[in-house]
Amino acid sequence: MPHRNLPVYSISAVERMLSISAATLRNWEERYSLVKPERSGGGHRLYTRSQVEQLRFVKERIDEGLQPAEAHRLLGERLERGGDLGLVVDREPKARLLILLAERDPYAAEFAEFFLHTEGYDVAVALDFDDAARKYEQLVPQLAVVELLVSGGSGVELCRRLKASGVPACLAISALEARDEALGAGADAFLQKPLDPLQFISTVKDLLGKSAVLQRAT
């Protein structure tokens, strides 16, 4: 799937998703040179979904008792064989999680809200900066999806404010190539419009910690 190879996730997002410290991720990158994220123009590390899967594989091997070097060796062998890392579909029922959607375009908001509802999420839509800030304070969502052009381009400041206020995860979206600005404001991931529904939903699931491809069968 092409979307699995697009650089989307910041190092802080991967740190939270996999419970691997940012320092450890940087150390592994420098020492083993196997999982090497792309660098944005501003120097931010950006990981693909496939790389998150690879890092999860390494962590699981370490949790089983292997040393990092041995875990990376096994990952390298698996990748050479084209292995799928044993990932499976998550069939656990989804919790009703709340997502704040700050979108300047009502039609785009309706489009995104539809797909989020289809996946079982509750959605609070805000069409401007002030409404988004107010709904965050009232509802305390688990994830904020922020269009950077909301309220005349105030989305970067909205991301910054929401992260400072304690929102667990923030996904920035925009028709502009603005990932450095988004990541600099604390966004955990950035997607450029037009949104691909599958990639959008997959990214939301990853940031909420409920992604099928990031969970193993019990």
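This is a predicted model: local features need pLDDT of at least 70, side-chain atom pairs count only at pLDDT 80 or more; totals for chains, interfaces and linings use all residues.
How do the residues of the lining of the largest cavity divide into nonpolar, polar and charged? Residues are numbered from 1 along each chain as its sequence is written, and side-chain values use heavy atoms, without hydrogens and water.

**View 1. Lining of the largest cavity.** The lining comprises seven nonpolar residues, one polar and one charged (Ala, Val, Leu, Ile, Met, Phe, Trp, Tyr, Cys and Pro count as nonpolar, Asp, Glu, Lys and Arg as charged, the others, Gly among them, as polar). Among the lining residues are Trp28, Glu29, Tyr47 and His72. A cavity is a set of points on a 1 Å grid over the protein atoms alone where a 1.4 Å probe fits but cannot get out; lining residues have an atom within 4 Å of a point.

**View 2. Salt bridge between Glu38 and Arg179.** The side chains meet at 2.8 Å, N to O (salt bridge: a side-chain nitrogen of Lys or Arg within 4 Å of a carboxyl oxygen of Asp or Glu). Glu38 and Arg179 lie 141 residues apart in the chain. Glu38 is partly exposed at 36% relative accessible area, whereas Arg179 is buried at 16% (buried, under 20%; exposed, over 50%; partly exposed, in between; 1.4 Å probe, protein chains only).

**View 3. Salt bridge between Glu64 and Arg61.** The closest N and O atoms are 2.8 Å apart. Glu64 is exposed, with 56% relative accessibility, and Arg61 is buried, with 11%.

Conventions
On a 1 Å grid over the protein atoms alone, a cavity is a set of points where a 1.4 Å probe fits but cannot get out, and a pocket is an open set with protein on both sides within 12 Å along at least five of seven lines; lining residues have an atom within 4 Å of a point. Helices (H or I, at least four residues) and strands (E, at least two) are DSSP runs, numbered from the N terminus.
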